[in-house]
Amino acid sequence: MRSISKSENPWQSHDWKVKTLISVTRGGSRLGFTCRSCERTFTHMTGNNQTWATDGHDVALAENISQRWLSENCPVSPVTGDVADRLNFKNPQAESVRSE
Ligand SMILES: [Zn+2]
């Protein structure tokens, strides 16, 4: 386990490159964040202030990966384990709409 310093915001430790994916939706703007150092990617919705990890193509990763990446400081260089993390999608069947 790693401890998180309360005085530091892990989010600020990354070197972000930001692009607007969708400028205005009902939920606000949808922004794509890519770190120049560790190459982790996130999507941020300005409307509800939600942020989650993505595979680099705006596909959400599993909740536990989002939580972990958001809680970690920038590893500065790409982490080998991230390759496996990027295959762990939040919605494995994202393409098909299922009703449960
Ligand atoms: Zn980073």
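Colleague: Among the elements of the protein, which has the highest mean pLDDT?

Modeller: Where pLDDT is low, the predicted coordinates should not be read in detail. Among the elements of this protein, the lowest mean pLDDT, 90, belongs to β1. The highest, 97, belongs to α1.

Colleague: Which strands stand at the edges of the open sheet?

Modeller: The open sheet is formed by 4 strands, which follow the order β1-β2-β3-β4 with antiparallel pairing. A strand with a single partner has one side left without a neighbour in the sheet, and this holds for each of the two edge strands, β1 (16-25) and β4. Neighbouring strands of this sheet are turned against each other by 20 degrees on average, direction ignored. The strands at the edges are therefore β1 and β4.

Colleague: In β4, what is the bridge partner of H44?

Modeller: Strands of a sheet pair through backbone hydrogen bonds, either parallel or antiparallel. Here β3 (residues 41-45) and β4 pair in the antiparallel sense, over 5 bridges. The partner that H44 finds in β4 is T51.

Colleague: Which residues of helix α1 are buried, and why are they on the same side of α1?

Modeller: An α-helix has 3.6 residues a turn, so residues three or four places apart point the same way. In α1, which spans residues 63-71, the buried residues are I65, S66 and W69. They lie on the same side of α1 because they cover an arc of only 100 degrees around the axis. The face turned away from this buried side carries the exposed residues E63, N64, Q67 and S71, whereas the buried ones pack against β4 (50-54) and α2 (82-85).

Colleague: How many Å apart in space are E72 and H14, C-alpha to C-alpha?

Modeller: E72 is found in the loop between α1 and α2. It is partly exposed, because 16 other C-beta atoms lie within 10 Å. Although E72 and H14 are 58 residues apart in sequence, their C-alpha to C-alpha separation in space is 9.8 Å.

Methods: Residues numbered from 1 in each chain as written. Predicted model: local features only at pLDDT ≥ 70, side-chain atom pairs only at ≥ 80, totals over all residues. Buried ≥ 20, exposed ≤ 12 C-beta atoms within 10 Å, placed from the backbone. Arc of directions from axis to C-beta. Contact = placed C-beta atoms within 7 Å. Pairing = 2+ DSSP bridges. Axes fitted to C-alpha atoms, helices over the stretch in contact; angles between N-to-C directions. pLDDT = per-residue confidence, 0-100.
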